[in-house]
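Please keep the sequence and the model open while reading.

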Amino acid sequence: MPTLTFLGAARTVTGSKYLLERNGRRLFIDCGLFQGLKELRERNWHDLPVEPATVDAVVLTHAHIDHCGYLPRLVGHGFRGRVFCTPGTMDLCGIVLPDAAKLSEEDARDANRNGYSRHAPALPLLTEADAYRALSQLQPVGFGRPIDPLGPASGLQIEFVNAGHLLGSASVLLTMDGPKGGAGRVRVLFGGDLGRYDRPILPDPSPRPPSDILLVESTYGDRTHPADHDGERLAQIVRETHARGGKLVIPSFAVGRVEEILYWLKSLERERRIPVLPVYLDSPMAIAALQFYANRGSELDADSRPGRGQLRAVYTERVVTVASGRQSDALVRSTQPAIIISSSGMATGGRVLHHLKATLPDTRNTVLFVGFQAAGTRGRQLVDGIAAVKIHGVMVPVAAKIERIDSMSAHADANENLRWLRTEPSAPRMTYLVHGEPRPMDALNARIGAELGWAAHAPEHGETVELEN
């Protein structure tokens, strides 16, 4: 009997990784890294319950690191199969995976140089060599094109369905034939990360396909995103920071979030609701991702389609892309009022840490978070009101104003989740809640039962369930 094992995103937001075993074959759906709390990050170092060399194939929903970032490690430990994904996901993995591996190697070198690792020598979780090997194993597949990831006549096929969360993001509809060919067919829908409705840049999520088994994310399962009132909250934050003569620093996920931030700044500037300020994009990965969005304009909302090779809807009058480390260092030292968008989105690493060290102690400045902040991250500490935060081994006092706008999140809220679930009238036999912390996960679970009358369950990490024909 086919089984599904939850090896990540079970009672937590990160580490999406699901193992399907059927007729002696093994398939991973998503292969992500854990982030946030130390006990979660340590899972990245644990051995998998199966040898990577025995995994036949991997299917990715999208290119965020908590869904694809474990791939180099899987490859480094012997996985040699193909990795199926959409063309957009393949593009973005080309910048995400090498960058994650480079940071991992740099962390190991710093630990060895400064002697703060418990291991001698400290080793990187990922290597650039394995990241590039993983990229060579990617196999792009377009939306709505069913394929067999395990080869001819395996009795299994997958199909990508637009999820509206990120360029190339998809839900994965996996269909398995029963023991006697088509009889007893089982459809399993891996929802991935579900996007938003009526948002700029990306189209709405496609309707939910019929399925017998459903996995749905629950990141914001206990709340609804506040109305952004046509960007007025962002405009207010920009105006107030400018009036104080300060900098506005926006930690942002380099892949996916930057585009919407720039879109709103361009709109507010065009409508003269904010002053024309220098807008610095200090993230080489985000700069590269913008070009991929421009190259795949047919996958975007009509009002965001590129013109002359650029996303015409997102470039403000004084936008500056910061490519080199020297330029970034000069920007950190500058005291001129400006808007700085830099990665990472949860302030766990990257160039934004240097900006935070410089701006947090000054009351004139503002730090604005525009996405989910996982437990254990600096971003969560700052939005929770911590008085001082450790950055590069130094405690930095927090005097700057800390703001948060959840309306820019790329994750569906509770109502949007239910809206998507209702787009298909037939109920799954079982719905599994994944990719959420316990409170929002349990809240969405309760609403699914109360409002839809569906059977639902929030699996524990490592739990295995049977997928009955």
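Leu 189 touches Ser 171, Val 172, Leu 173, Arg 208, Pro 209, Ser 211, Ile 213, Leu 214, Leu 215 and Trp 420, with residues up to four places away in sequence not counted, where contact means heavy atoms within 4.5 Å. The residue belongs to strand β9, and helices (H or I, at least four residues) and strands (E, at least two) are here DSSP runs, numbered from the N terminus. Leu 189 counts as buried because its relative accessibility is 0%; buried means under 20% relative accessible area, exposed over 50%, and partly exposed in between, with a 1.4 Å probe and protein chains only. Between the C-alpha atoms of Leu 189 and His 355 there are 41 Å in space, and the two are 166 residues apart in sequence.

These values come from a predicted model, in which local features need pLDDT of at least 70 and side-chain atom pairs count only at pLDDT 80 or more, while totals for chains, interfaces and linings use all residues. Residues are numbered from 1 along each chain as its sequence is written, and side-chain values use heavy atoms, with hydrogens and water left out.

Leu 215, one of the contacts of Leu 189, has Tyr 432 in β19 as its bridge partner. The strands concerned, β10 and β19, run parallel and are joined by five bridges; two strands are said to pair if DSSP finds at least two bridges between them. On another side of the pairing scheme, β19 is joined by two bridges to strand β20 (residues 456-457), again in a parallel arrangement, and there Tyr 432 stands opposite His 457. Because four of its five residues are buried, β19 is largely enclosed by the rest of the structure.

An antiparallel pair is formed by strand β16 (residues 388-391) and strand β17 (residues 394-397), which are joined by four bridges. Lys 390 has Met 395 in β17 as its bridge partner. The two strands make a hairpin with two residues between them, and His 392 in the turn has a positive phi of about 55°.

Backbone geometry deserves a separate look. Most residues other than glycine have a negative phi, and most peptide bonds are trans. Ile 201, which is not a glycine, has a positive phi of about 75°, and this residue lies in the loop between β9 (181-190) and β10 (213-217). His 435 likewise has a positive phi, near 55°, and is found in the loop between β19 (430-434) and α13 (438-452). A cis peptide bond joins Ser 343 and Ser 344, with omega about 20°, and Ser 344 is placed in the loop between β14 (339-342) and α10 (352-359).

| Residue | Relative accessibility |
|---|---|
| Ile 201 | 4% |
| His 435 | 1% |
| Thr 175 | 10% |
| Ala 131 | 0% |

Thr 175 is located in strand β8 (residues 170-178). Its contacts, with residues up to four places away in sequence left out, are Gly 155, Leu 156, Gln 157, Arg 185, Val 186 and Arg 187.

Ala 131 sits in helix α5 (residues 128-136), and beyond its neighbours within four places in sequence it is in contact with Pro 72, Leu 97, Pro 98 and Ala 101. The C-alpha atoms of Ala 131 and Val 75 are separated by 8.1 Å, although the residues are 56 apart along the chain.

What does the chain look like as a whole? The protein chain contains 13 helices and 21 strands. Its radius of gyration of 22 Å agrees with the value near 23 Å that a compact globule of 469 residues would have, the radius being taken over C-alpha atoms and the globule rule being 2.2 Å times the number of residues to the power 0.38. Along the principal axes, the C-alpha atoms fill a box of roughly 70 × 55 × 45 Å. Buried residues make up 57% of the 469 residues. Of the contacts between residues at least 6 apart in sequence, 73% join residues at least 24 apart.
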